[in-house]
Amino acid sequence: MLGWLRRQWAQRDGVTRGNGSLHQRFRLIFEQLEERTAPSASPLGDLNAGALNSAPTFLNGERWFTELTFSNGLTRIFFVANTAATGEELWMTDGTPAGTTLVRDIVQGTGSSSPRFLTNVNGTLFFAANDGQSGFELWTSDGTAGGTTRVVDIRGGTGAGSDPRFLVNVDGTLFFAANDGQNGFELWRSGGTAATTQMVANLNAGAASSNPHWLINANNILFFAADPGGNPPGFQLFRLDPATNSPTAIPDPTPISVLNPNPRLRNPRWPVYFPDQQRLFFIGEERTNAGGLVELRMWYINQGATIAPQRVIDVVDPGNDGFFLTAVQDPTTGRDFLFWRDRRPSPFIRLWVLDPGVASPGVTAVSLASDPFDLHNHNGVLMFSQGQGIDREPAFVDTRGQTLSSLSATLLANINPTGPSLTRPIYFPTDFAGQPALWNYLGTQATWYHWQSTVFFTSLGGSSSNLGLLYFAANDGVNGIELWRANNTLSAVNMVLTVNNDQIAPGPRSSVPRFLAAGAGSLLFSATGNDPSGGAFLGEEPWIEIGPPRILRVLAPPARIYRMRDVLQFIVVMDKPTLVSGTPKLNLILSDTSSPALQQQNVQASYVSGSGSRQLIFRYTVLRGHRDLDGIEIASPLDLSNGTITNIVGDQGDGQFTPSPQAFAGVRINGLPPWVLQVKGPPVGTYGVGDILTFQLITSEVVTAVPSGATNQIVPYLNIRIGNVTRQAYLVGGSGTNTLTFRYKVVAGDYAPEGIYLDPTEPFNAGTYNIRAPSITLPAPAPNPPVITGPRDLDTAIRTPVLFRVYVDTRGPRISNITLPGLRNYVTGQVLEFRFRFNETVFVRGSSGGRPTLRLQVGSAVRHATLTSGHATNVLTFRYTIQAHDQDLDGIRILGFHLPSGVRITDAVGNLALLTFTPPDTRLIRVNVPTIRL
């Protein structure tokens with residue numbers, strides 16, 4: 001079928017094929033255009049090697065390329081591709097060939113899971129897929145094979161599948177239509193797990209289907225059309241009440257004629273929502289109570305849906321081509337416009353527009369252009385194709401600064417002077433009635449499946465002052481159907497070329513771009529072309545036109561007050577990998593509303609790194625006198641006078657912010673008062689009783705500490721946490737310099753074996769002293785004189801430092817364990833060994849040369865076990881050798897330690913060891929017990 005379609009396009013465009021060659025050759029001409037675009041289109045890879053196509057022939061569902069940003073900030077594009085090895089499966093790309101990968105081969109081997117209805121729900125991809133066993137069911141993916149799983153088998157066990165369709169995200173919940181095999185096609189919802197996937201309501205009771213369709217998210221409220229099976233028959237408009245989570249049918253309209261006292265509203269379609277108006281507009285049939293058609297009308301309903309729909313204007317069905325209701329807002333004034341396609345007065349099909357804010361019966365509508373197709377809102381400009389027969393070209397209506405009566409249609413470009421550059425779109429099921437299983441989901445209700453291939457306007461970027469780029473497929477009559485791009489003012493239209501400055505499909509052969517979608521700051525599309533790197537024919541593969549880089553957002557430094565010489569780092573997040581040359585600047589505005597006499601200051605953060613990535617790092621250092629206590633602001637655009645930012649093929653960005661620059665209320669600047677640059681703590685070590693802990697506060701400039709009164713002065717101090725108590729280190733010197741010195745003398749009872757630290761709740765207290773720096777003079781807005789600040793008090797809000805390995809210990813070592821000799825009889829010449837383990841390292845100190853001993857009672861005599869080892873360890877070992885006259889028949893006793901005069905056992909800082917202990921049971925340690933021989 002795809003080949004048949006291509007032959008049809010070729011015949012329409014005056015290009016025919018024969019055995020892969022072209023019967024007509026044309027010269028490449030661009031005389032009617034203003035300029036050619038920078039070369040930037042390239043394939044994401046030859047996924048289905050050689051001339052075979054990786055793009056699926058058709059897709060059930062509108063979305064082929066779908067952008068997701070994961071919780072880690074990474075942006076990826078999901079799409080469906082068909083390869084000989086895997087069949088039609090889910091793929092993912094970061095916009096580079098190396099980053100284009102298969103997500104999961106759901107049906108292993110050459111079989112296809114045929115994913116469709118790819119839908120982003122708050123960073124999770126939902127889609128319908130067929131695993132070859134359960135039929136089409138609901139799946140999710142996080143971009144990994146393991147994270148690509150079926151949510152639940154809604155139609156379990158049958159293999160037929162529930163066939164999820166019309167997926168839509170409403171306030172973080174997925175809504176869709178599905179058939180569980182018992183209730184027909186009804187409305188379902190899912191939070192991404194089996195437990196949260198459930199039918200919302202069985203609107204058409206029993207096995208009959210209500211066939212929900214035209215699902216639309218209207219400010220986080222779901223509206224949809226469904227057939228509840230009532231009388232008269234037909235689809236009705238429903239609203240899902242967010243309070244009850246149950247669908248409610250919209251009331252039928254009020255009568256306007258005695259001939260139809262009970263009007264019924266049936267078959268709503270083409271819904272469009274206006275957030276400012278909080279109104280949902282749609283096309284629907286007004287019928288009699290018996291089901292007869294009275295009139296086809298446009299209607300609107302308020303978002304709250306508390307009253308019946310209001311009639312807007314009668315319309316005439318333009319056929320299965322559709323009405324294309326399209327909302328456009330003027331970005332400069334906020335004025336809304338509603339455009340649509342209408343056959344009135346018959347037989348002419350024209351573009352119409354009205355003001356949705358004053359919609360009422362008999363509203364004035366304006367006719368603008370003939371036979372419009374593919375209405376598209378391009379950031380306040382309505383794009384469409386217009387014309388009939390041999391002259392269909394792209395056109396637009398610019399709403400910016402216009403009123404309803406002043407609107408007019410303008411030709412964008414006459415791309416093909418000898419014929420149409422845009423062909424009439426193909427729709428289903430009208431054009432392919434032989435495949436109702438694929439395209440007619442709603443039984444007798446026709447659906448407008450617009451195959452988005454030959455004409456599909458797609459916008460990339462844009463703001464109120466910058467329309468962004470516009471892409472579409474067109475045929476200039478010479479080069480076949482290729483990708484075209486209009487610049488951000490719609491003043492230049494040109495063909496998108498490859499990195500070789502050639503067409504995607506060189507010569508008159510068509511590349512037939514389709515499935516155009518903006519994502520990750522680029523345009524992604526499917527096309528049949530040649531590999532720019534080698535010229536080989538690729539078949540239909542995914543391509544990317546990366547476009548110039550745009551700023552997505554700015555990540556600010558942590559929220560706090562920044563002082564003089566502090567460095568603030570800003571991360572400018574781009575929509576694609578960006579190359580940077582020179583030193584672009586990020587403009588910052590410092591304006592302190594709390595001090596209106598101070599001059600607004602415009603400062604800059606300079607680019608420092610990030611070229612080649614999507615995150616560009618800029619840094620700004622707070623200077624003396626800079627101040628903004630209500631939060632800094634970022635001004636657009638980037639200052640590119642000292643550098644450039646481009647995409648990887650050289651398209652240069654303008655540095656504009658989309659959306660508007662942010663204000664960071666929590667990021668505050670105060671470079672006026674002197675402040676503490678650094679806190680230096682005592683040297684690494686363990687401190688005991690009488691030791692001095694010295695701290696130094698290094699200030700940003702010279703300060704002087706003077707008492708604020710004559711008596712009862714409290715000297716400035718630091719609050720030090722030593723264990724579970726707070727001590728004060730008082731100022732002892734440094735006034736008149738930029739180094740203030742504080743000291744604390746360790747006293748008995750202080751104990752911090754895990755280290756000391758400054759109290760985080762109040763590390764520094766100025767007491768009753770003024771710690772000040774001299775006045776400075778600052779400029780003020782003209783004609784005001786300069787501002788003299790007066791004395792500037794030191795900012796006491798210091799950042800608490802980490803004090804490495806500063807310990808306080810005023811407690812002596814304690815015996816934690818005693819190891820005795822073996823419990824037995826010892827004879828002359830044998831050694832008794834006693835090991836005393838302490839809770840910390842101990843030191844044997846003294847100048848007399850004596851050594852500690854362990855006193856033992858052996859029989860009636862007192863003996864001394866000599867210290868043999870253990871200095872500078874936590875175990876002291878004592879030994880005694882049994883003498884010939886020693887005897888103890890009932891067991892020895894340990895009497896305690898003996899320290900010669902001047903000898904001490906201490907810890908590292910001199911705390912005396914506590915040498916008391918409970919004597920262990922030594923009754924079985926006997927000495928020279930006679931052996932009795934029988």
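Strands E38 and E39 (residues 522-530) pair in the antiparallel sense over 4 bridges. Strands here are DSSP runs of at least two residues, numbered from the N terminus, and two strands pair if DSSP finds at least two bridges between them. Gly519 has Ser522 of E39 as its bridge partner.

This is a predicted model, in which local features need pLDDT of at least 70, side-chain atom pairs count only at pLDDT 80 or more, and totals for chains, interfaces and linings use all residues. Residues are numbered from 1 along each chain as its sequence is written, and side-chain values use heavy atoms, without hydrogens and water.

The pair belongs to an open sheet of 4 strands, ordered E3-E40-E39-E38, with antiparallel pairing. Strand E3 (41-43) and strand E38 (514-519) are at the edges with a single partner strand each, so one side of each has no neighbour in the sheet. From one strand to the next, the twist averages 35 degrees.

Now strand E51 (residues 667-670). E51 runs parallel to strand E42 (residues 560-562), joined by 3 bridges. Ile561 stands opposite Arg668 of E51. Strand E47 (residues 627-628) pairs with E51 in the antiparallel sense over 2 bridges. There, Asp628 has Ile669 as its bridge partner.

Last, a loop residue. Ser162 lies between strand E11 (149-152) and strand E12 (165-170). Ser162 counts as buried because its relative accessibility is 0%; buried means under 20% relative accessible area (1.4 Å probe, protein chains only). Beyond its neighbours within four places in sequence, Ser162 is in contact (heavy atoms within 4.5 Å) with residues including Phe136, Glu137, Arg155 and Phe185.

Methods: Buried means under 20% relative accessible area, exposed over 50%, partly exposed in between (1.4 Å probe, protein chains only). Axes are lines fitted to C-alpha atoms, for helices over the stretch in contact, and angles run from 0 to 180 degrees between N-to-C directions.
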